[in-house]
Structure formats: structure tokens, C-alpha cells
Amino acid sequence: MRPTHEMRFPPSTGPAADEAILTFRARVLDKLTYHVGKDAGHALEHDWFVATALAVRDYVTRHWMDSTRRTYRDGSKRVYYLSLEFLIGRQLFEALGNLGLTETARQALADLGVDLDRLRKREADPGLGNGGLGRLAACYLESMSTMRIPAYGYGIRYDHGIFRQALTDGWQVELPEEWLSSGNPWEFERPEVTYTIGFGGHVESVANADGTTSATWRPADGVKAVAYDTPITGWRGAHVNTLRLWSARAADPISLQEFNRGDHVGALAERVRLEAVSRVLYPADHTSAGQELRLRQEIFFASASLQDILRRHQSQHGDLLTLPDHVAIQINDTHPAIAIPELMRLLVDEHGMNWELAWDITRSVFNYTNHTLLPEALEKWSVPLMEGLLPRHMQIIFQINGLHLDELRTRGCTDTGVLSTVSLIEENGGRSVRMGNLAFLGSQHVNGVSALHTQLMRTTVFRDFASLYPGRIVNKTNGITFRRWLYQANPALTDLIIRAVGPTLLDDESRLHELEPYADDAAFRERFAAIRRANKVALGRIVAERLSVPLNPDAIFDVHIKRIHEYKRQLLNLLETIALFQDMRDNPTAQWVPRVKIFAGKAAPGYEQAKLIIKLATDVARVVNRDPVVRERLKVVFIPNYNVSVAEAVIPAADLSEQISTAGMEASGTGNMKLALNGALTIGTLDGANIEIGEHVGTDNLFIFGLLADEVAARRREGLDASASIAASPALERALHDLATGVFSPDDPTRYRGLVDGLRHHDFFMVCADFAAYQATQHTIAETYRDPAAWWRKAVLNTARMGWFSADRAILEYAHQIWDAGPEKS
């Protein structure tokens with residue numbers, strides 16, 4: 001249940017509603033004239049979008065100013081959420097919905113001959129994230145606003161996001177994201193909020209009168225971080241928090257000397273080099289230049305954010321000794337971990353605090369969310385790179401590490417293996433800094449994001465830390481904001497639920513459970529199914545427009561939408577798709593349940609195997625979709641450039657949710673929650689939050705298969721050859737044979753030979769090991785779909801039992817158990 005407050009939505013009918021419509025219309029026309037500079041008779045659709053967004057922003061800003069004043073008045077503790085990603089999605093409908101202005105805006109614009117739903121499509125998806133990490137950060141920031149917890153989100157204002165995904169002959173091509181090309185009406189530039197971030201140089205030691213020494217860092221160069229603020233509105237305007245993003249700006253925009261000598265390109269070279277920091281999310285790091293740029297990005301946003309936090313605290317509270325009383329910093333994965341030595345540098349070097357006190361404060365304000373057990377995601381930076389780019393930080397890390405190891409020896413820990421494991425410095429294969437260890441050591445709490453993930457943190461990557469620092473690792477299972485993923489994405493289903501359980505659901509998602517009796521109401525199930533079919537028809541129109549592939553809305557929409565990675569096992573799904581295709585061709589007169597396989601997701605630019613999996617998906621789609629035998633009974637589509645807006649179209653139309661990661665490798669997942677909330681049935685392994693979804697929804701309302709996490713570990717110890725698994729499954733053997741011999745790649749018959757060899761002899765992700773169980777479960781799903789009463793009963797129960805997975809619940813757990821922060825007073 002959310003905190004109560006005085007703001008209520010405007011009335012939907014009557015004189016007050018008419019006045020609200022007139023006021024909104026006048027504000028839009030004012031923005032169109034005086035901010036866009038257009039007359040209504042000549043305005044283009046984009047002009048109307050900008051005018052509408054600016055008008056809505058004015059409503060938001062009033063609540064924003066009120067929220068800020070209350071926070072300063074009450075001296076409330078602030079939460080600072082540091083994340084390299086904030087996948088916030090389009091903001092127009094989120095702001096309108098949270099302020100209760102959607103229908104007011106719709107009618108006001110209709111009176112002007114403008115369609116609000118068409119304007120929605122004119123808004124660009126902000127290129128500020130890639131996947132679940134960034135979407136979680138966005139959900140949490142909105143939930144903090146809804147729960148009235150004063151907060152700032154800190155990140156980078158990427159000019160070009162991660163990339164815009166295009167497909168050329170089925171291969172992923174990375175193009176620059178152009179989300180800022182027409183401006184961003186939601187943000188406020190803050191040129192007065194600027195900090196200088198240094199790089200390189202050297203450190204000078206100065207002897208003090210008391211016999212101690214002080215360090216002074218003399219950077220070789222630096223870049224300015226300029227703030228851009230976007231207000232993030234909570235439900236019913238309860239509170240508005242700030243997303244502050246940093247943009248890099250060179251101190252000197254041009255070298256006039258070079259320019260006047262005729263080197264017009266060279267005159268801009270230094271600016272381009274420095275400002276590259278905020279150009280692109282996750283630059284490829286397979287080169288030394290790419291690695292350096294990533295580290296520059298991390299210190300850039302961490303330092304700017306910390307300088308901003310300290311400035312605000314000193315301005316309001318004065319003494320930095322009270323920082324833990326007023327500040328809680330959450331670092332979202334290991335990317336912001338460099339903030340820990342940076343805060344030590346600021347406190348010790350810039351503010352003259354002694355080391356021990358600074359370290360106590362640092363460990364009191366920081367908390368760390370771990371999102372993965374994958375080694376490549378637990379960042380490591382080479383010591384030479386760190387010494388060259390951040391020499392003072394490297395000194396601080398060495399000192400933290402030395403004191404840490406000395407303390408452990410004092411406590412009686414003399415096991416060299418344990419000391420080596422918990423050291424911040426890895427000595428093997430070239431010295432490097434373990435950022436995951438640094439994040440753990442410098443934080444008061446370290447949390448996993450699902451029960452299984454947290455358990456595995458304690459028993460695998462942080463096993464020795466968990467033993468040495470018992471109680472520091474805690475679990476906070478992820479959550480999603482229902483405002484976007486149900487109320488906005490699926491308004492028809494929302495209306496149906498409200499008619500059943502009442503409108504107070506909108507303020508308390510735990511009331512979803514009151515929908516459970518309707519699972520046995522045939523008329524309700526029919527309405528639920530009709531809404532799903534309408535959403536499938538709508539998605540079919542999008543797919544037909546983009547890919548020219550017609551979809552059968554009466555087929556099972558089998559959805560696999562997530563980042564492309566081997567552990568997420570899109571490959572397992574594709575192999576089963578090939579086997580299903582072969583079965584349909586062999587038995588064309590059988591009564592097959594129609595199936596539409598929907599894939600979407602991006603592969604990291606340097607991840608060649610993931611890119612090959614995308615190519616395979618498009619090759620399989622080309623063969624299947626042209627086949628005259630299977631026709632409408634099986635279609636395969638890969639929707640390019642997956643983002644929040646694509647997800648909002650796909651999720652309400654999904655019948656089946658593919659959550660089939662190798663057990664023990666998915667930290668949590670949030671796509672599984674969004675799909676289940678909208679009534680999709682899950683096919684999945686007992687991995688991540690699938691386990692908790694099963695506990696709440698009931699395992700009889702999911703389709704669980706495959707090896708367990710401990711069984712995966714045992715298989716890996718025994719060996720990775722998959723010959724026995726393949727021999728036991730003729731369908732798998734045939735699918736692999738057809739892949740290896742070019743049936744799905746006639747233009748290049750050997751394209752997938754290496755992939756198939758890898759599966760046969762190095763089945764690390766248990767694709768072959770789990771294939772037979774996966775295929776059998778897919779057969780069970782098809783049979784279940786033949787029984788509409790059974791299928792839709794499960795679907796309704798999935799929706800009814802997902803209330804616990806609200807981001808609001810998760811945020812209150814963080815607030816009470818990690819941050820010691822509470823809702824502001826009214």
C-alpha cells in the first residue's frame with residue numbers, strides 16, 4: 001500500500017473536467033506558439049508532440065518543485081542511485097498516466113484535431129540503456145517517486161545510446177542511436193551545475209607539520225561534466241524525483257591556433273577525444289582504447305555525481321561527518337564501483353578528513369547491488385591502465401587493500417588462498433583490480449536480486465567474503481512498475497481487472513489476488529482471452545509493417561525477448577523451432593497447434609557468437625516463413641531494435657514467456673515478471689526469479705523443465721561432451737545435422753558448422769542436455785492450449801498472483817532494510 005497523500009486525479013466528467021480540458025488545450029497552444037514557434041494551422045505532428053510534452057512538463061514541474069521544497073524543509077535522507085543505464089522509455093504517457101491527465105489530454109488534443117496516440121509514436125525512446133539493468137533502474141526511480149522517497153538517479157546522457165540495431169541480410173548492424181536529434185523536451189539543462197573530472201597526470205606527496213603526508217593529484221587533462229535533469233513523476237503526482245545525467249564538455253571547444261593554421265579537423269580533435277566519454281553506452285572494449293574509454297566513463301559519472309552529492313549535503317547540512325545520516329548511495333552493478341575510492345579521494349584529499357574516519361563514512365553510505373555471476377560482468381581493470389588514467393585512485397585502492405588484508409590477518413585469517421580470493425588485486429595473468437571485490441568491501445550491504453542468485457553469491461563468487469563478513473549479503477528480489485507494464489502497456493486488461501476488483505487496485509497492487517476467483521468464471525476468461533487476441537492483432541500489424549510477415553492471431557505467440565546471450569539460450573529455442581518445423585513437414589495432415597515464434601534483442605557489438613545466433617534466427621525465419629507446407633501453422637520473426645516501446649507492444653500480446661536460461665546463470669530477470677503480469681504463461685528453468693514466480697503463481701501454472709543449478713554444476717565437472725544427450729534425441733540430432741549441412745544457410749553451407757561442433761563437444765550452457773526436456777514441455781504446452789478453459793484459467797491466475805513483484809514492494813524493502821530511508825512527510 002502506498003503512502004497516502006492529498007493529490008487525486010482530476011474528475012473525468014462535469015464542469016471541472018471541462019475546465020481541465022480547456023486549460024490543457026490553452027497550455028498546448030501556448031507552447032506551440034511561444035516555444036515551438038508554429039501556428040496551429042501549419043504545425044506538423046512532431047510540433048504538436050513537442051508542444052504537448054512541454055505542456056505536460058509544466059504540470060510535472062509544479063509537483064517537482066513542491067517535492068524538492070518538502071525534502072529540504074524536512075531534512076529527509078536522500079537516496080542516490082548510481083547506474084550506467086536508465087532505460088526510462090518514452091515519457092509522455094508515463095507522465096500523463098501518473099498525473100491522471102491522459103483523458104484530459106486526449107480530449108483537449110482531439111478538439112484541436114490531433115490524435116494523442118499518434119503523438120505517442122513521435123517520441124523517441126531515450127537511448128540510455130540496453131536491457132534489464134537499465135529498465136530496473138528506471139522502474140526503481142519511478143517507484144521511489146511513488147513511495148515518496150527523496151532520490152536522485154545519476155547516470156550519463158549518452159548522445160547515441162548503445163546502438164540502433166538494423167539487420168542486413170540477417171546480420172546485426174550497429175548504427176548510432178539518434179534519440180536526441182530532434183531535442184528532448186523533458187530535460188532541463190543545468191549549465192551552472194558543472195564539475196571538472198581529471199584523468200592521468202601524477203600524484204605529489206606533501207609533508208605536513210604533524211609528520212603526516214598529504215597527496216595532491218595533478219591530472220594531465222580533464223573534461224567538464226554538465227548536468228541535465230529529467231523529472232520522474234510518481235503515481236498520482238505523489239512525489240517527483242530527479243534523474244540527473246552528465247554530458248561531457250571540453251573546456252576548450254576548439255583550438256584556434258590549429259584552426260588558423262588550416263588544420264580545421266585537427267582543431268577539434270581534443271574536443272572529440274574528451275567528449276567521447278558521453279557519446280556511446282558500452283563502447284566495445286576489445287581494444288586498449290575501448291577499455292580506457294569505459295573506465296573514463298565510469299569515473300566521469302561517478303566523480304561528477306559524488307561532487308554533486310557532497311555539494312548538496314554541505315549546502316544543506318554543513319558538516320560532512322553527518323553524511324551517513326542524510327545520504328544513501330546505491331551502486332547498480334559493478335560499473336559505478338570506482339565511486340568508492342573516488343569518495344575516499346574527495347574526503348581525504350579535498351576535504352582534509354583522516355583516513356579512518358573517511359573509510360567509516362564511505363562504508364556507511366555505499367550499498368552494492370550485484371546483478372550477475374558471470375565473470376565478464378564482474379569488472380576487472382588492469383593495474384597499468386588504472387595507474388596511467390587514475391593514479392591517485394590506484395594508490396587509494398592499494399591502501400584499502402593493504403589495510404583490509406592486514407585486518408584479516410589480525411583477525412586470525414592466515415589462509416593464503418582465502419586472502420588471495422578476497423584481495424582487491426588479482427595477481428594472475430597480469431595484475432588487475434577486481435571491481436566486484438572493491439564494491440563488496442566498500443559497501444554496508446551487498447544484495448542479490450533473487451533468492452537463488454543471492455544464495456549463489458554466498459556460495460560461489462563471494463563465498464569467502466560471506467564467511468568473513470556474515471550478514472552483509474542480503475536478498476532483494478527485483479520488481480517492476482505496474483504503472484508502465486500493465487496500466488499503460490495493456491489498458492484494456494487493466495480496465496477489465498478494475499471492473500472486477502475495483503479501482504483501489506491502482507493504489508495497492510496486492511489487491512490483484514482478489515482476481516483469483518474470476519479464473520473460474522467462464523465469461524471473465526472469455527473477455528480476458530478476447531483482450532489478448534486484440535493485442536495480438538495489434539502486434540501483427542506492427543510485424544507486417546516492419547517485416548512483411550503475416551501473423552495468425554489464433555496461434556500461440558511464443559515470445560523470447562531479451563539481450564542475446566548464450567546463457568539466455570535463444571539457441572535452445574531455435575533448435576526446438578527447427579525440430580517443430582521438421583515434424584510439421586513430415587506430418588502435414590496432423591492437427592498442429594499453430595505457433596508464432598517471436599524473438600527480439602541486441603547482441604553486444606563484440607559478441608560474435610550472439611551475432612551468429614541472430615543470423616540463425618533470421619535464417620530459420622526465412623526458410624520457415626516461405627515453406628508452402630507449414631504455411632500459417634508456424635511463423636518465425638526477429639523484431640529488430642528491441643527497446644521499451646517494442647516491449648510495450650509485444651508483452652501484452654504474448655501467450656508464452658520464454659525464460660529458459662541455463663540454471664544458475666540468470667540473476668533474476670524482470671521480463672519474466674512483466675509477461676506473467678499480463679497473463680503470459682512461463683516456460684522456464686528453475687533459475688533467477690522464475691523460482692519465486694512459481695512460489696507465488698503456483699508451479700502448476702508454469703511449465704518448468706531442465707537441469708537444476710547444482711545439476712548444471714555437476715555436469716560441468718563431469719565434462720561438456722554432449723554426444724550422449726544428442727544420441728538420446730533423434731530430433732536434436734536431425735536439427736543439428738541440418739544446421740551443419742547448410743539446410744538453413746544454402747548461401748553458405750558451412751556457416752553453422754562451428755556452432756554445431758561447439759554444441760556437440762562443449763555444451764557449456766546445457767543446450768543439448770536440456771533439449772529433450774524442453775521439447776517435451778513444448779508438446780505439453782501445445783496440448784494445454786487446445787483446452788481454452790485450462791489455458792485461460794492459468795493465464796488469469798498468473799496475473800492475479802503477481803502483485804508481490806511490484807517495484808514498490810522492492811523499494812520499500814530497500815528503504816527499510818538497506819537505506820534506512822522513509823517516505824517524506826506530506
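## Terms and basis

Two strands are said to pair if DSSP finds at least two bridges between them. Strands (E, at least two residues) and helices (H or I, at least four) are DSSP runs, numbered from the N terminus.

The model is predicted: local features need pLDDT of at least 70, side-chain atom pairs count only at pLDDT 80 or more, and totals for chains, interfaces and linings use all residues. Residues are numbered from 1 along each chain as its sequence is written, and side-chain values use heavy atoms, with hydrogens and water left out.

## The nine-stranded sheet

Nine strands form an open sheet with mixed pairing, in the order β5-β8-β9-β2-β1-β10-β11-β15-β16. At its edges lie β5 (188-199) and β16 (473-475), each of which pairs on one side only. On average, neighbouring strands are turned by 25° against each other, direction ignored; axes are lines fitted to C-alpha atoms, for helices over the stretch in contact, and angles run from 0 to 180 degrees between N-to-C directions.

Strand β15 (residues 445-448) pairs with β16 in the parallel sense, over three bridges. Gly-448 has Asn-475 in β16 as its bridge partner.

## Helices on the sheet

Helix α6 (residues 132-146) packs on the sheet and touches β1 (78-82), β2 (151-156), β8 (221-233), β9 (240-249) and β10 (327-332), where contact means heavy atoms within 4.5 Å. The direction of α6 makes about 135° with that of β9.

Helix α12 (residues 355-365) also packs on the sheet, touching β10 and β11 (366-369). Its direction makes about 45° with that of β11.

## Salt bridges

A salt bridge is a side-chain nitrogen of Lys or Arg within 4 Å of a carboxyl oxygen of Asp or Glu. By this rule the model has 66 salt bridges. One of them joins Asp-308 and Arg-312, at 2.8 Å from N to O. Both residues lie in helix α9 (residues 288-317), four residues apart, about one turn of the helix. Asp-308 and Arg-312 are both buried, where buried means under 20% relative accessible area, exposed over 50% and partly exposed in between (1.4 Å probe, protein chains only).

Glu-426 and Lys-380 form another salt bridge, at 2.7 Å from N to O. Glu-426 lies in strand β13 (residues 425-426) and Lys-380 in strand β12 (residues 380-382), so the pair ties together parts that are 46 residues apart in sequence. Glu-426 counts as buried because its relative accessibility is 17%, whereas Lys-380, at 44%, counts as partly exposed.
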